[in-house]
Amino acid sequence: MAKPKLRNVPDLSSHATPGTALRVKVTPKAARDSIVSDAGMIRIAVTAPPENGKANDAVRRILAMAMGVAPSELILKQGHSARDKLFVYAP
């Protein structure tokens, strides 16, 4: 899977502290990849389909890019098959 090419990525590096939980609203099978941080809510749209964890992996990569961390440091705690997800930063 290619790296997502995004423009106007918000700076979420302030969330890169160990143990931080991030609630994310996901839209799979979108026209393009995007991330928006609005009033404490993070919304991510990915082009990947919600099959075999492809959308979850794409969301993890985009969120990690915005936070400035490695994707392997983000753990999906809740919402494996839901649109509302909870990621925890664990370096």
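Two strands are taken as paired if DSSP finds at least two bridges between them. All views show a predicted model.

**View 1. Strand β1 is paired with β5.** Strand β1 covers residues 21-27. Its pairing with β5 is antiparallel and comprises five bridges. Within this pair, Ala21 of the chain stands opposite Val88, a residue of β5.

**View 2. Five strands make up an open sheet.** The strand order across the sheet is β2-β3-β1-β5-β4, and the pairing is mixed. Strands β2 (34-38) and β4 (74-78) are at the edges. Each of these two has a single partner strand, so one side of each is left without a neighbour in the sheet. On average, neighbouring strands of the sheet are turned by 35 degrees against each other, with direction ignored. In a regular strand, side chains alternate between the two faces of the sheet.

**View 3. Strand β4 is paired with β5 and joined to β5 in a hairpin.** The two strands run antiparallel, with four bridges between them; β5 consists of residues 84-89. Five residues lie between β4 and β5 in the hairpin. The turn includes Gly79, whose phi is positive at about 90 degrees.

**View 4. Ala39 is in the loop between β2 and β3.** Strand β3 spans residues 41-45. The phi of Ala39 is positive, at about 55 degrees, although Ala39 is not a glycine. The relative accessible area of Ala39 is 81%. Exposed means over 50%, so Ala39 is exposed.

**View 5. Asn52 is in the loop between β3 and α1.** Helix α1 covers residues 54-67. Asn52, a residue other than glycine, has a positive phi near 55 degrees. With 78% relative accessibility, Asn52 counts as exposed.

Note on methods: Residues numbered from 1 in each chain as written. Predicted model: local features only at pLDDT ≥ 70, side-chain atom pairs only at ≥ 80, totals over all residues. Heavy atoms only, no water. Axes fitted to C-alpha atoms, helices over the stretch in contact; angles between N-to-C directions. Buried < 20%, exposed > 50% of the residue type's maximum accessible area, 1.4 Å probe, protein only.
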